[in-house]
There are 2 protein chains.
Amino acid sequence: VRTDLQRGDDGNLRVVLDWGTTSLRAFLVDASGAILDRVETADGIRTVAGRGFAGIVARVLAPWREDHGSLSILAAGMIGSRNGWVEVPYVDTPAGASDLAAAVRTKSLQGGGTITFFPGLIDRSARPFPDVMRGEETQLVGLGLDQDATVVLPGTHSKWARIEDGRITRFCTFATGEVFATMTDHSFLAHVAKRPAKLDWRAFARGLDVVRAQDGSAGLLSRIFTVRTGWLAGAIDPSEMVDYLSGIVVGCEFAEAAAQGWHDGGVVTIVGGDDIAQVYRTVAEKFGLSVSLGPENAALIGCLRIAAELPRD
Amino acid sequence: VRTDLQRGDDGNLRVVLDWGTTSLRAFLVDASGAILDRVETADGIRTVAGRGFAGIVARVLAPWREDHGSLSILAAGMIGSRNGWVEVPYVDTPAGASDLAAAVRTKSLQGGGTITFFPGLIDRSARPFPDVMRGEETQLVGLGLDQDATVVLPGTHSKWARIEDGRITRFCTFATGEVFATMTDHSFLAHVAKRPAKLDWRAFARGLDVVRAQDGSAGLLSRIFTVRTGWLAGAIDPSEMVDYLSGIVVGCEFAEAAAQGWHDGGVVTIVGGDDIAQVYRTVAEKFGLSVSLGPENAALIGCLRIAAELPRD
């Protein structure tokens, strides 16, 4: 692809960074938003020692800069957080792409070029404390805010968000992925469970059914213990424990979301990587919801849409 | 105390072992059940390599045996589990002291004396799998089964149990302590939280209030994330995070127990060590329950009561 490029096009090339806690994804895109090249590294903000973010950028972008000179960079995700490179204050809900664009922070880089950090979003109507997101708002903009929707963004900290009248109006976070991973790696399971090479859908569905069978009384604390009682009863094999637990935890997310009024038999849109989106689709359908899937590259699309709203300098 | 003993009393002395996953508590008791000596070690069944249980007993009891000869030993707790020394099958609910006594397994020790392992309890009415306890049934017998009661036994795997007509009729396990410890040590909290030297009651109460304010919709997955949003909002100090989380998790245990019909404004009896019992008492009272506290040495009393029902040989 890169061989098609004319030297004269370089001014329209940009780099988009999706820079989170555990990984860095970088995209080289042209003016139309087409991806010319991409790279992914494990340089998440948690692992970058001494905050050597500029060094990471220099290293990761070196091949592109060699071909195309200093490139302007857009950066979304936790890189703009308190523990990141430049803290960009949160924008209040309700907010759309132009509200996010109005709050960016831009920094000049040694050796030329600039890096523009996107803000996160804060929902001050959440109780007991304002809820926050950083990165998911870009995915929501990438999905598109033109249609009202209830959107689920699965992850370590899963988000449920409402899009109304062209803006993100409110959202709620569930620590689903974190509880799942932490319990898998460090609880009683860790001594017994065998990790399957790929998702065991049957085991997952059994965990999910435990939650669905009990609706309102479905509590995570007692359900988690059924991983152990199922094993002791010979009903759950060590190779099934992890996916059975996953079914319970994701099922509890949907049960909690229902109890909080996030869904009630309507349509939800799921935005995320292919694997996790399929898992959440299955759960949503089991809960009687109709599912629409967002684009997998929603973060990138969202970055470009927010960038299009940036004031020209 | 030991100087009061006459050599001729030795035949009436016994050792009671409360041998769990992470610790071993041994008591030397006389015929009346009075404690003559006690010792606690970190030789929990998880840490005893190569299942060298006999060696542990020989080492821990050596001083007592030197004074009193080979002693008969009663052993309760996880030592009688699949991962313990001798697996003693579970007794079905409903069960009382005599049902437990009828199911013990006795083993002769090299060098003389015997060790008697108590069974655990299984509630086959629990869904989706039979629930199990091993050790707590002894505490329940120690509390006394003569009065109907709803009993809470806080711990890594907290138990709620019903005593009816002189027997333990059913129970349910909540993985409260395990979720709390695992999240404290390995989640996003671990990077930020400062561990307080002692329980910060105010922080604990704030976590508890978050659960109580939301009753039926109180879900653990979204509440856990408020530890982070509270910190980001400057409302929760790093030194308050652990106890705030504790309030949330224990509060969720009571909310789940209520949803499952375990309590509804009546009386609960709490059986456990002094510190944790006080924490649970506070929570129970916040949930409008009247609290009765069981004896702190319920496990020991229970062992002796079960032993009193053993067939004479």
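Let's start where the chains cross: helix α4 (residues 176–186) of chain A packs on helix α4 (residues 176–186) of chain B at an angle of about 100°, with axes 10 Å apart. That makes α4(A) roughly perpendicular to α4(B), a label used for angles of 65 to 115 degrees, while those under 35 count as roughly parallel, those over 145 as roughly antiparallel and the rest as oblique. Axes here are lines fitted to C-alpha atoms, for helices over the stretch in contact, and angles run from 0 to 180 degrees between N-to-C directions. Helices (H or I, at least four residues) and strands (E, at least two) are DSSP runs, numbered from the N terminus.

A word on the model itself: it is predicted, so local features need pLDDT of at least 70 and side-chain atom pairs count only at pLDDT 80 or more, while totals for chains, interfaces and linings use all residues. Residues are numbered from 1 along each chain as its sequence is written, chains are lettered from A and ligands numbered from 1 in the order in which they are written, and side-chain values use heavy atoms, leaving out hydrogens and water.

Which residues of α4(A) and α4(B) meet? From α4(A) come Glu178(A), Val179(A), Thr182(A), Met183(A) and His186(A), and from α4(B) come Glu178(B), Val179(B), Thr182(B), Met183(B) and His186(B); contact means heavy atoms within 4.5 Å. Sorted by class, this contact has four nonpolar, four polar and two charged residues. In this scheme Ala, Val, Leu, Ile, Met, Phe, Trp, Tyr, Cys and Pro count as nonpolar, Asp, Glu, Lys and Arg as charged, and the others, Gly among them, as polar.

Leu220(A), Leu221(A) and Ser222(A) of α7(A) make the contact with Val249(B), Cys252(B), Glu253(B) and Glu256(B) of α8(B). By class, there are four nonpolar, one polar and two charged residues.

Now step back to the whole interface. It takes 52 residues from chain A and 52 residues from chain B. Together the chains bury about 4,100 Å², 68% of it on carbon and sulfur atoms; buried area is the accessible area (1.4 Å probe) that two parts lose on being put together, summed over both. On the chain A side, Phe129(A), Leu221(A) and Phe225(A) lose the most area to chain B, together 19% of what that side buries. How many salt bridges are there between chain A and chain B? The count is zero, where a salt bridge is a side-chain nitrogen of Lys or Arg within 4 Å of a carboxyl oxygen of Asp or Glu.

Next, the sheet in chain A. Five strands form an open sheet in the order β12-β11-β10-β13-β14 (chain A), with mixed pairing; two strands pair if DSSP finds at least two bridges between them. At the edges stand β12 (167–174) and β14 (290–293) of chain A, each with a single partner strand, so one side of each has no neighbour in the sheet. From one strand to the next, the twist averages 25°. Strand β11 (residues 158–164) of chain A pairs with β12(A) in the antiparallel sense over seven bridges, and Ile163(A) has Ile168(A) as its bridge partner in β12(A). Helix α9 (residues 274–286) of chain A packs on the sheet, touching β10, β11, β13 and β14 of chain A, and its direction makes about 160° with that of β14(A). Helix α3 (residues 136–143) of chain A lies across β10 (149–153), β11, β12 and β13 (267–270) of chain A, running at about 135° to β10(A).

Two loops of this sheet deserve a look. Thr156(A) sits in the loop between β10 and β11 of chain A, where its contacts include Thr176(A), Gly177(A) and Glu178(A). Asp165(A), in the loop between β11 and β12 of chain A, has a positive phi of about 50° although it is not a glycine.

Most residues other than glycine have a negative phi, and most peptide bonds are trans. Pro94(B) lies in the loop between β5 (91–92) and α2 (97–101) of chain B, and Pro128(B) in the loop between β8 (121–123) and β9 (131–133) of chain B.

Terms used: Lists of a residue's contacts leave out its neighbours within four places in sequence.
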